[in-house]
Amino acid sequence: EVMLFRELVKVRYNVFFHAIQDTIPLFRTTQWLWFATAILYSYGDFVAEIITSNQDLHHFLQYAQYWTSISFLFYSGTFVLTISTMQVGHIKFQLNQLSWTIVVLCLTVGQLKYIMHNIY
């Protein structure tokens, strides 16, 4: 998953590297934060579901109820960071990159979530 995300994001990054090299701060960081947010939500939801359905893991139940809140907090922080790194001359480019990142997340993490639910 990590390698697939890396390769798909790298496709567009290599094409536009000369335009963003020193002008857009935290460009790659925000892409990886969106990936981490999606993974945290997907795996957190899956782990919380397993904890609630398995009697042997009920001692983790008090922690499992916070997965959604933690995921939302991480999403909110990533969203604020993404908006705060927008540059006046590069907003169109940054929104295109954000759209590409969301498409890549749907291709990688979205499929994983539904496969995991079908298997387990």
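R6 comes out as partly exposed because its relative accessibility is 30%, and the label covers everything between buried, under 20% relative accessible area, and exposed, over 50% (1.4 Å probe, protein chains only). Its partner is E7: the two side chains meet in a salt bridge, 3.2 Å from N to O. E7 is partly exposed too, since its relative accessible area is 39%. A salt bridge here is a side-chain nitrogen of Lys or Arg within 4 Å of a carboxyl oxygen of Asp or Glu, and by that rule the count comes to one.

A word on what you're looking at: this is a predicted model, where local features need pLDDT of at least 70 and side-chain atom pairs count only at pLDDT 80 or more, while totals for chains, interfaces and linings use all residues. Residues are numbered from 1 along each chain as its sequence is written, and side-chain values use heavy atoms, with hydrogens and water left out.

Now step back to the whole protein. There are six helices and zero strands, so reading from the N terminus you get α-α-α-α-α-α; helices (H or I, at least four residues) and strands (E, at least two) are DSSP runs, numbered from the N terminus. Along the principal axes, the C-alpha atoms fill a box of roughly 55 × 25 × 15 Å. Of the 120 residues, 28% count as buried. The protein exposes about 7,900 Å², and carbon and sulfur atoms supply 67% of that; accessible areas come from the Shrake-Rupley method with a 1.4 Å probe, and for residues only the protein chains shown count as cover.

Charges next. The protein has 6 positive and 6 negative side chains, with the centres of the two sets 16 Å apart. Lys and Arg count as positive and Asp and Glu as negative, leaving out His and the chain ends, and each charge is placed at NZ of Lys, CZ of Arg, CG of Asp or CD of Glu.

How does the chain fold back on itself? Among contacts between residues at least 6 apart in sequence, 78% join residues at least 24 apart, a contact being heavy atoms within 4.5 Å. Leaving out residues up to four places away in sequence, V2 touches W32 and F35. V2 and V104 are 102 residues apart in sequence, yet 11 Å apart in space, C-alpha to C-alpha. Even so, V2 is partly exposed because its relative accessibility is 44%.

For another view of separation, go to Q55, in the loop between α3 (27–53) and α4 (61–64). Q55 and R12 are 43 residues apart in sequence and 46 Å apart in space, C-alpha to C-alpha. Q55 is exposed because its relative accessible area is 64%.

Finally, helix α5. T82 sits in this helix and is buried because its relative accessible area is 7%. Neighbours within four places in sequence aside, T82 is in contact with T30, W34 and L98. I83 is in helix α5 as well (residues 67–84), but I83 is partly exposed because its relative accessibility is 46%.
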